[in-house]
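Subject: Handover of a structure

Hello,

I am passing this structure on to you, with notes on what was found in it. Please look at the structure first and then read on.

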Amino acid sequence: MYDSDSSGNYTCPKCKSEYRIHQGHVPMRDKDQINCDICGDLIKRWNGSRVFNAELLKAGEKPKQE
Ligand SMILES: [Zn+2]
């Protein structure tokens, strides 16, 4: 999981997809999370007026079901 509050790049540890994390603010407190588009792994979770959004830069390989 991306453990900094600032914007930056994130690479999914499961499928190696690359994301750019954008940070924004909303007037109301918000609680939500972002999951990887490819494998569904948790990218970021928050609870507050700071919100995040992940832009997919490079899609990784979807892990095979075992
Ligand atoms: Zn992933």
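Helices and strands here are DSSP runs, numbered from the N terminus: a helix is H or I over at least four residues, a strand is E over at least two. The model is predicted, so to speak of a local feature a pLDDT of at least 70 is needed, side-chain atom pairs count only at pLDDT 80 or more, and totals for chains, interfaces and linings use all residues. Residue numbers start from 1 along each chain as its sequence is written.

Confidence

pLDDT is the predictor's confidence in each residue, on a scale from 0 to 100. Its mean over the protein chain is 87, and 88% of the residues reach 70 or more. Where pLDDT is low, the predicted coordinates should not be read in detail.

Overall layout

The protein chain has 3 strands and 0 helices, and along the sequence the pattern is β-β-β. Of its 66 residues, 11% are buried. A residue is called buried if 20 or more other C-beta atoms lie within 10 Å of its own, exposed if 12 or fewer do, and partly exposed in between, with C-beta atoms placed from the backbone. Two residues are in contact if their C-beta atoms, placed from the backbone, lie within 7 Å. Of the contacts between residues at least 6 apart in sequence, 53% join residues at least 24 apart.

The sheet

Strands of a sheet pair through backbone hydrogen bonds, either parallel or antiparallel. Two strands are taken as paired if DSSP finds at least two bridges between them. The 3 strands here form an open sheet in the order S1-S2-S3, with antiparallel pairing. S1 and S3 (42-58) are the edge strands, each with a single partner strand, so one side of each has no neighbour in the sheet. On average, neighbouring strands of this sheet are turned by 45° against each other, direction ignored; the axes behind such angles are lines fitted to C-alpha atoms (for helices over the stretch in contact), and angles run from 0 to 180 degrees between N-to-C directions.

S1 and S2

S1 covers residues 8-11 and S2 residues 18-35, and the two are joined by 4 antiparallel bridges. Gly8 has Ile21 of S2 as its bridge partner, Asn9 is opposite Arg20, and Thr11 is paired with Glu18. The hairpin of S1 and S2 has 6 residues between the strands.

Which residue in the loop between S1 and S2 is worth a look? Lys16 is found there, and its phi is near 65°, a positive value in a residue other than glycine. Most residues other than glycine have a negative phi. Lys16 counts as partly exposed because 14 other C-beta atoms lie within 10 Å.

S2 and S3

S2 and S3 run antiparallel and are joined by 14 bridges. His22 stands opposite Asn53 of S3, and Gln33 has Arg45 as its bridge partner in S3. These two strands also form a hairpin with 6 residues between them, and Gly40 in the turn has a positive phi of about 85°.

Is S2 mostly buried or in the open? Of its 18 residues, the number buried is 1, so S2 lies largely in the open. Val26 is one of the residues in S2, and it counts as exposed because it has 11 C-beta neighbours inside 10 Å. Leaving out residues up to four places away in sequence, Val26 touches Ser49 and Val51. Gly48 is 22 residues from Val26 in sequence, and their C-alpha atoms are 8.7 Å apart.

Lys58

Lys58 lies in strand S3. With 9 C-beta neighbours inside 10 Å, Lys58 is exposed. Its contacts, not counting residues up to four places away in sequence, are with Ser17 and Glu18. What separates the C-alpha atoms of Lys58 and Lys16, which are 42 residues apart along the chain? The distance between them is 8.5 Å.

Regards
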